[in-house]
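Work through the exercises below with the sequence and the model open. Each task is followed by a solution in steps.

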Amino acid sequence: MDRLGSAIAGARPRVVAALAARLRDLDLAEDAFSEAAASALAAWPSQAPRDPAAWLWRAALRKALDARRRAAVRARAAPDWPEPPPTPEDVLMAADGPIPDERLKLIFVCCHPALAADSRVALTLKVVCGLSTDRLARAFFVGEPAMLQRITRAKHKIAAAGVPFEVPQPDAWPERLEAVLATLEVAYAQAYEDAALAGQAAGFAQDVLRLSGMLAELMPDEPEALGLAALVRFAEARRPARLDDRGAMVPPPEQDMALWRRDLIMEGARLLGRAAGHGRSGPRQILATIHATHCARLETGRTDWATIAALYEVLAEIRPHAPVLVNRAVAIGEAQGAGAGLAALGRIDGLEGWLPYQAARAHLAARDGRPDDARRAYEAALGLGPAPAEQLYLEAQRRSLPG
Amino acid sequence: MQYMILIYEPEDAYAGEAGQALLAEIVAKHMALAEDLSASGVMKDGSGLQDSSTATTIITQGGRQTLHDGPFAETREHLGGYYLIDVGDLDEALAVARRVPVADGGKVEVRPLAVY
């Protein structure tokens, strides 16, 4: 993205949030911002003004108020009437003033638990980060009309059902914060899952990185918000090392640490330290600590599997879900021997048709000296439609089996 | 904004002797809630409904109306009552709806009124 483009993208969350809070209309806020961005590209010669956000805020608010006025005139069905004179509000807004920071309100609106969970993710990425409908459609594997409908329906519900443009009251806070964190977590999982980075979801990893950082900045006293921001940073830090030269996936313990982004690891560590200072643990903080333990190989030269296994143990108490249980079994396999890992894996039922389960089984069986079991599991995993990078990795592992 | 709070409960929630005792308990809670909501000016209207066996449904099809004995849909849950409230936004409406007493398995739906 060129410098003007990134100045506009950087200003977007704050400006759209301020517009939406002022106008109480997400569509109008988004449209006005797009128009202002188009004028900006024409009006700014080669570099952005000193304060691009302030410029865009004034231009967009003016355009939105014009659009409202035109709509009101049309509604009166009197085509020849002159434009009404500017209202005191118009005059006031034309003056320089600080942009109110309404980003947290906008995030709470887009992540309201009264909206369907899959709509919340899409709407947040669309409205707060400005992702296009067609990009979201590809990222979430639905057609563009379906994605458009999902977003339109969510916006309609916000307007028609009276979802308030407010930060929730203290009594509703835990539920509402949980909805916000879950929304961002789903968005990031979507972006992270694809190790090949070839998929469409990988493209918005940067957006979630920014969004989670924004949330941590806006809610400095919520340890889980800090934990989520840390988690995303640790995971993104390793992104450049997740593929080898041939495009095959590389698991964390084998990644080339020289490729890891130390700036993100340090940022993650700072956030996690602040979260821990609040003395209230939670699943995102535990996950972030697991990622941090992988990253600690930079300092110690080895992966501390005993700690990772213990952390998964704690996480499994809160989230006894398939990915956690499978990862726990893998960690146990590294810490206590492949046999112990296989035993832990054997206690999980009904995951035979799930790729990460078969991949874990294959890996543990190979390490336990059971090449035939391992081969069967690799074949099962390869039959479950892995992404290209994962396929290359699994094929290489299968080839390296003895016999 | 005005919101309708629709209360759906399992048809057999209040069956039997234990059910009648539960009914008395829930009705008392409704009275207390209605009194509180009226005092604060939130409640515009509301009532319980008789059993769905007392319902009559009018079906219009091909320009003809026919009567049908019973509710429009045969479901395990039936519409047992409603509140009509006037509050600022959805969060306030949901806060009221959460206070509505229901038997186990009950569902409470919150819908804004259409404004014409």
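**Exercise 1. A pair within one helix**

Task: Find the partner of Arg69(A) in a salt bridge, and state where the two residues lie.

Solution. 
Step 1. The side chain of Arg69(A) meets that of Asp66(A) in a salt bridge, 3.2 Å from N to O. The term stands for a side-chain nitrogen of Lys or Arg within 4 Å of a carboxyl oxygen of Asp or Glu.
Step 2. Both residues belong to helix α3 (residues 52–75) of chain A, and they are three residues apart, about one turn of the helix. Helices (H or I, at least four residues) and strands (E, at least two) are DSSP runs, numbered from the N terminus.
Step 3. Arg69(A) has 16% relative accessibility and counts as buried, while Asp66(A), at 27%, counts as partly exposed. Buried means under 20% relative accessible area, exposed over 50%, and partly exposed in between (1.4 Å probe, protein chains only).

The model is predicted: local features need pLDDT of at least 70, side-chain atom pairs count only at pLDDT 80 or more, and totals for chains, interfaces and linings use all residues. Residues are numbered from 1 along each chain as its sequence is written, chains are lettered from A and ligands numbered from 1 in the order in which they are written, and side-chain values use heavy atoms, with hydrogens and water left out.

**Exercise 2. A third pair**

Task: Are Arg370(A) and Asp368(A) buried or partly exposed?

Solution. 
Step 1. The two side chains form a salt bridge of 3.1 Å, N to O.
Step 2. Arg370(A) is partly exposed, with a relative accessible area of 38%. Asp368(A) is also partly exposed, with 30%.

**Exercise 3. Two further arginines**

Solution. 
Step 1. Arg103(A) is found in helix α5 (residues 103–110) of chain A. Its relative accessible area is 11%, so Arg103(A) is buried.
Step 2. Neighbours within four places in sequence aside, Arg103(A) is in contact (heavy atoms within 4.5 Å) with Pro13(A), Arg14(A), Ala17(A), Met214(A), Glu217(A) and Leu218(A).
Step 3. Arg24(A) lies in the loop between α1 (3–23) and α2 of chain A. Arg24(A) is exposed, with a relative accessible area of 54%.
Step 4. Most residues other than glycine have a negative phi. Phi of Arg24(A) is near 55°, a positive value.

**Exercise 4. The two chains**

Task: Describe the secondary structure, extent and burial of chain A, then of chain B.

Solution. 
Step 1. Chain A has 20 helices and zero strands. Its C-alpha trace spans about 85 × 45 × 45 Å along the principal axes, and 49% of its 403 residues count as buried.
Step 2. Chain B has two helices and six strands, in the order β-α-β-β-β-β-α-β along the sequence. Its C-alpha atoms fill a box of roughly 45 × 45 × 20 Å along the principal axes, and 30% of its 116 residues count as buried.

**Exercise 5. Confidence in chain A**

Solution. 
Step 1. pLDDT is the predictor's confidence in each residue, from 0 to 100. Chain A averages 89, and 92% of the residues score at least 70.
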